[in-house]
Protein chains: 2
Amino acid sequence: MAQRKGPAVWAAFLWPGGHHHGAWRLPGSTGDDIMSFDNYRRMALDCERAKFDVVFLGDRLDAWPLPDEYLARTARGARLETITLTAALAAVTSRIGLVATASTTFSEPFNLARQIGSLDHISGGRIGWNVVTSYTDDQAQNYGLDHIPPRPARYARAQEFLDVVKGLWDTYEDDAVLRDKETGQFFDADRFHKLGHEGSHFKVAGPLNMERPPQGHPVICQAGASKDGIAFAARNGELLFSINSSIERARDYYQAIKTGAADAGRDPDDIKVLASINPVIGRTQDEAEEKYQQMQRLLDDDVSRTFAEMYFGMDLSGYPLDELVPEIELPDASHGMPRAHQEYMLNKARDEKLTMRQLVYGFNGTNIYPKSAEAAADEFQEWYETGAADGFILQISHVPEGVTDFVELVVPILRRRGLIREDYVGTTLRENLGLARPVNRHTTARSVPA
Amino acid sequence: MAQRKGPAVWAAFLWPGGHHHGAWRLPGSTGDDIMSFDNYRRMALDCERAKFDVVFLGDRLDAWPLPDEYLARTARGARLETITLTAALAAVTSRIGLVATASTTFSEPFNLARQIGSLDHISGGRIGWNVVTSYTDDQAQNYGLDHIPPRPARYARAQEFLDVVKGLWDTYEDDAVLRDKETGQFFDADRFHKLGHEGSHFKVAGPLNMERPPQGHPVICQAGASKDGIAFAARNGELLFSINSSIERARDYYQAIKTGAADAGRDPDDIKVLASINPVIGRTQDEAEEKYQQMQRLLDDDVSRTFAEMYFGMDLSGYPLDELVPEIELPDASHGMPRAHQEYMLNKARDEKLTMRQLVYGFNGTNIYPKSAEAAADEFQEWYETGAADGFILQISHVPEGVTDFVELVVPILRRRGLIREDYVGTTLRENLGLARPVNRHTTARSVPA
Ligand SMILES: Cc1cc2nc3c(=O)[nH]c(=O)nc-3n(C[C@H](O)[C@H](O)[C@H](O)COP(=O)(O)O)c2cc1C
Ligand SMILES: Cc1cc2nc3c(=O)[nH]c(=O)nc-3n(C[C@H](O)[C@H](O)[C@H](O)COP(=O)(O)O)c2cc1C
């Protein structure tokens, strides 16, 4: 694997409670203030000062599906809706990219084309859309269904949905808008196009009532981990979020994505793969360990077991907490969290001979562990330079400290090593990521002689 | 009619092109910059400085349904989506209320409950939701339908939609959230409620993944003008937008609404009726007239006729532009613009003996005419004090001048007369409007002895 140089892509996945399940209980943490926009604003501005590429905002269409009594002991029962949150952050930031999550399973393409396109206009071209298909029955039950549709059906709808949305974004060619006050010609009707889509899932006439987004198309982001998910990513994704339990697995995933992209006729450089690596930072390993343990002590057995049950999609009450993790046969995961999340934990349990309590306490968040700033920088560098990732998505463990610690302790090291940029190079997210601006389909058609 | 004192409610309906169809062409106007968030930001901040209650943002799910060649000669072919725009404005304002428009016909209650609720959290309780049902076939055609459903079906869905959304907003009782870091109890599971709705249009399990909005329920706004629309307003509305062609008609409408509210068991004071009165302001009548004529000269025959055809839902090409307006038989309006808009223009044509050209040029916007600042203040005062309205919604004719002229020339007169407040009295829109905060349905149930 050729060693690579130059800055990596940096994204921060913000969750105002902190991604570690115990984090909201830390004294001095703002993690109990999960409905506070200010909490997000502060974190986003910190990330912008550090010249991160992206602030990532996740979303789901339910409270986490834990029994009420356990949900009530977490900071996961409520959240701001992501598109509105992204719009508000767009108004108070100026350079950083913002990725909003929205599900193709439970919305209409005309509505999302407008909302995501509008975000791109409001932010001056700084938007990515994390295309998700949702994966739990309890989300489906908020939309008239009893069960979430099977994965292949979800991704088939997602593909048509995305094609419709991109078609709508191409309503106006880039040079369609004239705004000629003298003649009264606002736009050129010949460069304004209806869609007339009729497919198996959608019938959408268009035109979209919106000038083309500044980026042409906002950046398409994705995090599918299944076979269907990876195929969708290879075909459509431009910025991918992945979770892998080892650098070797990450390299395999990276290769699979880049090969898939090439097979789909795309330049592999047009897909950036980000790995979720989530150190709790200290000046020293001991300091990091101490912070981490402080959060681990704020977990409790029942809530942790219930979280693990949700991740595995199975009942774990039969496994005593103080015994070693046995071989666990996972149920069909086609409606559950991605197998990669599950296997990550089971592999770790096997390798490190964990007890059930250690296993379920490991579901404290996503792949969170203590690291000194220097060791963390080493790890990022190794993953980046040896082709395990084009960059990183940090699921910040505790707030606001997890952000400020990273920015103050790790970023300076990364910057010295050339792994994080000195300043933004462009005004749009595409420019900062080095992704080309999509040519409008009608302009392409026009420029090809008949 | 008892004379009334004290400040009226003031709302500005912002459209970045200006509501007058010729306005975008004015030299020095920013009205050609219709996709610009800055344009909105500036206007909203001007309104906030003037202590307006509300900035109103309309929305529709199409470009205006004019033939492309005519649409291309207007500033109506594109717009920012309203919910994202409202969120961005919430982040840059601090006191003024913000009303976002969203259609119950083409969205899901779970999605809108989240988005409108999220806006209320982000803004600290300054949100109103303008509940619309959409009214043109071309909007329906962006959502898989050939025709817009008939009005009674739309309002039946709207009622169930609103009931579901309010039920979702009541998921958390107001005192449900404990955030007890010491014990680890985030909320009280006994004060957290699923919805379990199964109706004729929707099946929604809940819970909503959001703490109760700061206002309990964001303010319900509405502008229905049909029989169904008025019935919906009387039952649900808290802030209404109306267009009437004379003060007498406005008083009748006002009475009908207040009586309807009383019949529905509500306190008539809990519905505020705003009248759309849209003067183009000058220091003198001549100055106002000159500005108005400047915009009228920027209209053209074909575009104006096409607009009028859209409003009337009929072909007008058979009527010569230089002849007097004949008796025109309007088609069934059940899918068109409200009859009130149509009758407004026909009454005026009859009373003032207009030519067809004058009629179609009258569709320059909504009820826009020139007035000196003093005369405008007199008109507002008369409408307010004699019970034709609780306040006003200004469809600003041209931007940014229409806003700044109003703020600089009319507001000081209104303030001297006590018709506009000195300062905001509360932090939420409800408080500023004097509307009670709805009690959570579960709390009500709890406080009634069994
Ligand atoms: C970093 C990261 C963030 C994610 N964020 C979300 C999210 O916000 N909402 C969501 O529904 N799914 C989210 N997912 C899940 C994925 O979108 C995807 O649904 C999941 O990985 C299952 O993949 P599959 O659909 O291919 O099985 C995330 C995954 C990762 C790795
Ligand atoms: C001031 C005002 C603003 C309005 N804004 C919108 C809007 O933004 N979007 C929309 O679809 N309808 C809008 N309407 C139309 C009404 O919501 C309603 O659909 C229309 O008056 C027809 O009434 P009906 O449904 O009772 O026939 C507006 C009406 C008025 C008076």
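A:Asp146 and B:Lys203 are joined across the two chains by a salt bridge, in which the closest N and O atoms are 3.0 Å apart. In this predicted model, the pair belongs to a set of 8 salt bridges counted between chain A and chain B.

**The interface between chain A and chain B**

- H4(A) gives the largest share of the side of chain A that touches chain B, namely 8 residues.
- Sorted by class, the side of chain A that touches chain B holds 34 nonpolar, 18 polar and 22 charged residues.
- In terms of contact, 74 residues of chain A meet 74 residues of chain B, and the area buried between the two chains is about 6,200 Å², with carbon and sulfur atoms giving 53% of it.

**Helix H3 in chain A and chain B**

- In chain A, helix H3 is mostly covered, since 11 of its 11 residues are buried; among them are A:Thr84, A:Ala87, A:Ala88 and A:Val92.
- At the start of H3(A), a side-chain oxygen of A:Glu81 comes to within 3.1 Å of the backbone nitrogen of A:Ile83.
- In chain B, B:Ala87 is part of helix H3, which covers residues 82–92, and this alanine counts as buried because its relative accessibility is 0%, where the cut-off for a buried residue is under 20%.
- Leaving aside residues up to four places away in sequence, B:Ala87 touches A:Thr84, A:Ala87 and A:Ala88 of chain A, as well as B:Leu119 of chain B.
- B:Ala87 and B:Lys194 are 107 residues apart along the chain, and their C-alpha atoms are separated by 27 Å.

**A:Arg42 in helix H1**

- A:Arg42 is placed in helix H1 of chain A, and it counts as partly exposed because its relative accessibility is 41%, which falls between the limits of 20% and 50%.
- From C-alpha to C-alpha, A:Arg42 and A:Val92 are 9.9 Å apart in space, while 50 residues separate them in sequence.

**Surroundings of ligand 1**

- Ligand 1 has 18 residues around it, of which A:Asp59, A:Arg151, A:Tyr155, A:Ala223 and A:Ser226 come nearest.
- A polar backbone atom of A:Asp59 lies 2.7 Å from a nitrogen atom of ligand 1.
- For A:Arg151, an N or O atom in the side chain is 2.7 Å from an oxygen atom of ligand 1, and for A:Ser226 a polar side-chain atom lies 2.5 Å from an oxygen atom of this ligand.

**Surroundings of ligand 2**

- Ligand 2 is surrounded by 18 residues, and the closest are B:Asp59, B:Arg151, B:Tyr155, B:Ala223 and B:Ser226.
- The side chain of B:Tyr155 places an N or O atom 2.7 Å from an oxygen atom of ligand 2.
- Backbone atoms also take part, with a backbone N or O atom of B:Ala223 lying 2.9 Å from an oxygen atom of ligand 2 and a polar backbone atom of B:Ala225 lying 2.9 Å from an oxygen atom of ligand 2.

Notes: Residues numbered from 1 in each chain as written. Chains lettered and ligands numbered in written order. Predicted model: local features only at pLDDT ≥ 70, side-chain atom pairs only at ≥ 80, totals over all residues. Heavy atoms only, no water. Contact = heavy atoms within 4.5 Å. Buried area = accessible area lost by both parts, 1.4 Å probe. Salt bridge = Lys/Arg side-chain N within 4 Å of Asp/Glu carboxyl O. Helix = DSSP H or I, 4+ residues; strand = E, 2+ residues; numbered from the N terminus. Nonpolar A, V, L, I, M, F, W, Y, C, P; charged D, E, K, R; others polar. Buried < 20%, exposed > 50% of the residue type's maximum accessible area, 1.4 Å probe, protein only. Near = heavy atom within 4 Å. Polar contact = N/O pair within 3.5 Å; in protein donor to acceptor, adjacent residues only side chain to side chain.
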